[in-house]
Amino acid sequence: MIILKRQRHRFKVIALLLFVGFLLLGLWGIWSVRNYGTRWFSHASNPRLAEQKKNVTEGDIADRNGILLATTVDGKRVYREKSADRAALVHLLGDRNGQIANSVESFQAGYLYGVQSSLLDAVQHLTRKTERRGNNLTLTVDAELCSAIPKAFFSHPLTRGKNGAAVVMNYRTGEVLALVSLPCFDPDQADGETIAALDQPYWNRVTQALLPPGSTFKIVTAAAMLRSLPDAGDRTFTCTGSLQVSDQFTVTEYNHAVHGSVTLRQAFQHSCNTVFASGALELGDDQLRAVAEKFGFNQNFLFRDLVVNNSSYPRRNRTREALAASGYGQSAVTATPMHLCLLSAAVANDGVMMEPRLLKTVKSSAGATVLGWSSSSVCTVCSADVAEALQQMMKDVVQNGGSGSNASVRSMDIRGKTGTAESTSGGQPVNYGWFTGYNAQEELPFALCVLVEDIPEGETGGATAARIAADLFTYLRDHPDRVR
Amino acid sequence: MFSFSSEIYEVLALAARYVFALLGVLIVLRSFAWLLSSHREKKDRLRRLPDAGMIGEMVVLSGSADLPENTALPVPREGVLGFVRSCDITVPCAGVKRRHLDFVWQDDAGLLVHPRSGCDALVDGQELNVRSGVCAMRHGSFLQIGSALLRLRVFAGLDPNAGFDHPAAEPDPAYDPALPPEAVPMPGPGMPGPMMSPDGVPVPAPMPGGMPGWMPPSGPDAPFVPAPPEAEENMPPARPVPKSTGWKEDWSD
Amino acid sequence: MSKKQKSPVSRLSSVVMLFFLLAFLLLASRDGKMEGYILAVAVPLMIWFGTYLLPKIVPADQLLLSLTNFLCALGILMLYRTNTYYAFHQVIAYAVGLLAMLFCIWLVRSGRGWGTMILLLMFLSAGLLALPVFFGQVTNGAKNWLALGPVSFQPSELVKLSLVLVLAWYMSRRKMLPWLLFSVVCLGLLMLQKDLGTALLYFGTALLLYWTSSGNWLVTGLGLAGGAGAAYWGYTLFPHVRRRVSVWLNPWQETYDGGYQLIQGLVALASGGLFGVGLGLGNPTAIPVYESDFMFAVICEQFGLVFGCCVLLMYVALIWRGTSVAMAARTSFHGLTAMGCTIFLGIQTLLIIGGVLKLIPLTGVTMPFVSYGGTSLVSGLCMIGLIQGVASINEDDLAEDTHLAMLSR
């Protein structure tokens, strides 16, 4: 029963093609809903939430130590008592109108209004006439640490009144301890005028600000050099204070320093631009990009609890100047403070980057656990030996007289990297001060990143951001029970 | 009319989600089970009917080492004849191109044969190539391609004009060197084709493996002799004529 | 007690009828309207009629019937959930569609005078397709609707039937010029009407069908390249194509402009989760134009992703069945007709669901059987009718051969 064998065979091929199409569709649908489902559901234009809100009372939000950050009393939402505390948490929890993107109250609305567990709730409501209440969230953050951050910015004269961001996380588990973006405001008391006077107050700088990382990017360049350049660890580089890349571009050092003969470790310690620029040129664009992408640049972060903008390393550095500048974190390289914190965390965790989490547990109003804690890793950024070498280099930066000495704290093992990034904003030159680092002690395994915007001309990240970092590490040292 | 309060309805609807999902999965499973079983059943049926869909056979009168004589190549209703195995009729002989010619059966015209470019053939002595167009082969026609000589045998009920007023019905004996004349009854006017009983009642269709009336001359079976008239009472009755094959009931001329 | 061997028909249709009975009853109990209860009885009855009685009138492939009945009834269910007015229109269209399907089955079986009819069909179709260019009304940026008094319909939906027939006929006769000319004319007219989604569909079907009938990789490749070139040219030429592509890439930026529909679709999908928000709950009408393009999003919202995948698998089963019918055909023409219909339905479903899931830009085609739309439903059922016709011829031939074989033993 064969008619035109070849034609029949081709029928089968076409049918297979169509089947593959459907399979693709099914897999794509499942994958996108799994990864993007929460974001889509929490979108402001979703009318279903409004329905849910009419029938269900919003659940509570507490920090890791049980401090109530938000709760509903008699139909009204009540937040923390003190205005300063509310201000510190505004970017984390959200302002009352949903202007802050992906804050906990809007992003986790599914849990807060009990959308997932609605059947049981509805049955209970029906049978026992109990008030329908959403789930209660326990966040990983420490509210007091969050409140300490604006105070830290205020306490140092160089950073007082400056905008910026700070994020602290546990590099072994991925728990985010603090997430604060400045300028912040008290959503319950601040009026339109005050808010309008602030510089982009609704912008969560921790997760959304894509800025040049400056010298903090040398972590990546150093890793690339250790991985790909033979005997990079033992080689001696010569820094003459400037490196002429081409006719238009010469790499210079901060403060016109000349470092002389240095090893990679020393160059890292003193944040020598010329060594890393020449290293980048030696590596070549493709190699450096490959390592940057392993560290998470150009990757689509799909974290469960956080929506973080994607950092980027230019897809193609067309010119030598751009490549050289990329070596020390200028040019078109951009990253978020969250990502830079993840960089330190990955290095501290022997090369394994843990996923940053905000939700510790989710419990129903009856007390049953809806979502338990789970930590997972995002990727492996480098091998354990490269991580080890980087850890040593970062130690030198803070503890052995490097650029990050201001971050050191007594009886802690602070390691990190400073950064001073030059950029322009609205045509005016703007400098950003960065510090990213971690504490190498096992009982307090925390990594952080601090960003200070618009630091005065001539100042560095080491003078500004590192000091704030020291304050935060001190808090962690002094309150171990709150943060572990 | 009856309706639930909104709270009860909500509970019902939420609980019903799982019921519907289950039913949906059940429907899918049963559909595919049906698909598979019907597929298997069809395969079974086709295995029991190797000739299903064939309109006849091409008997190899002279072939090659790969194509021994007296092989019967089944001829489907439409297809391609050529050297390669992916053709519907495979003729692995010298001089046959990869895809030599296309053929299609039309109920009133016979087997229309159309050679492809660069391919030649001879049908009942007539030259055939791309320019000369389509030629019709009927029951008993000869086809010469390359070094192969084939003769078309159409199954019962499919070629109403078999053997009657067919211009090529008197073949040149040069094309039949190996066959003794009495072993192969030549279709001609007035003489019934091998599948017909004398009074024109059609005899039922082929049995897989060969026709009683077309025996290879060297085979153990006796050469065909038209059935004696008295055997007619033992003939099974004429089978009912399904309309789809365009059977013409009246055979006798 | 002896175990009765249930036939696959009854196993499947009993579950299908149960599903719709429960679903309509649930919906009816939501607001207590009489129509709901009527439908709860009527729809399973229609399914029963469609699956059991119809094959007695004309020989028809019961599996195909069951699958199509399920999908059509699902469409009616979703329309009833969102808008009862649409639901009743759809029921009427379904009834008309079943009759049209019978006609198509009869058409394929009668098999006479194909040659002249196809020629006639070509000119009629081209004419029909040309009408909206001059007299048509604009909807959603495409000028492809015709209004004849109270009834409005889309000629491109009807012309697609003749497209398949014309393609199959001339391809089986190995005459390239007529079908090529016809396709180009149709494509041109569709472009003029700015109905680019349907043009894409026509093009894809013609290309794939050409490849199956001829196997000529070179020409197929050229055709594909030509199509890609035309798509790029259309992108540069038509601003609404550019908008569709930019909305597809990033709908979030244009929240309250072009991207709103897509966003609402995605939101609906996410809200549904695995098992849906529950039939009768949720807010499917939040999606603009939910009734035709975004039915899949409505289904996923109400019933969940699991059920959505089941619907996808039903379409896969449909395509599988269509292909096996095409493979069992005895003549090239029948095989290509069946395959052409299958390809058309397959590509159409892939295009629209791909658009809803944001895999590809939205193309403006409807979901076969499920979407609201009289012409869409009727033409879809006609295509199934064509496939059924071929299937019934196959069955006849096979029965005859079986009979012959049994007689000769």
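I started at Val168(A), which stands opposite Ala178(A) in S6(A). The model is predicted.

I then looked up the pairing of these two strands. S5(A) and S6(A), residues 176-182, run antiparallel and share six bridges. Five residues lie between the strands of this hairpin, and I noted a positive phi near 95° at Gly174(A).

Next I checked which other strand pairs with S5(A). I found S17(A), residues 446-453, joined to S5(A) by seven bridges, also in the antiparallel sense. Here Asn170(A) stands opposite Phe446(A).

Is S5(A) buried or exposed? I went through residues 164-170 of chain A, and seven of the seven are buried, so the strand is largely enclosed by the rest of the structure. I sorted them by direction. Gly164(A), Ala166(A), Val168(A) and Asn170(A) point one way, while Ala165(A), Val167(A) and Met169(A) point the other way. In a regular strand, side chains alternate between the two faces of the sheet.

I moved on to chain B. I recorded 13 residues of chain A in contact with 21 of chain B. The area buried between the chains is about 1400 Å², and carbon and sulfur atoms give 61% of it.

Which side chains form the one salt bridge across this interface? I found Glu10(B) and Arg132(A), at 3.3 Å, N to O. For polar contacts between the chains, I noted a count of one residue pair.

On the chain A side, helices H1 (5-41) and H6 (118-128) each supply at least two residues. H6(A) gives the largest share, six residues. By class, I listed eight nonpolar, two polar and three charged residues on this side.

Notes
Residues numbered from 1 in each chain as written. Chains lettered and ligands numbered in written order. Predicted model: local features only at pLDDT ≥ 70, side-chain atom pairs only at ≥ 80, totals over all residues. Heavy atoms only, no water. Contact = heavy atoms within 4.5 Å. Buried area = accessible area lost by both parts, 1.4 Å probe. Salt bridge = Lys/Arg side-chain N within 4 Å of Asp/Glu carboxyl O. Polar contact = N/O pair within 3.5 Å; in protein donor to acceptor, adjacent residues only side chain to side chain. Helix = DSSP H or I, 4+ residues; strand = E, 2+ residues; numbered from the N terminus. Nonpolar A, V, L, I, M, F, W, Y, C, P; charged D, E, K, R; others polar. Buried < 20%, exposed > 50% of the residue type's maximum accessible area, 1.4 Å probe, protein only. Pairing = 2+ DSSP bridges.
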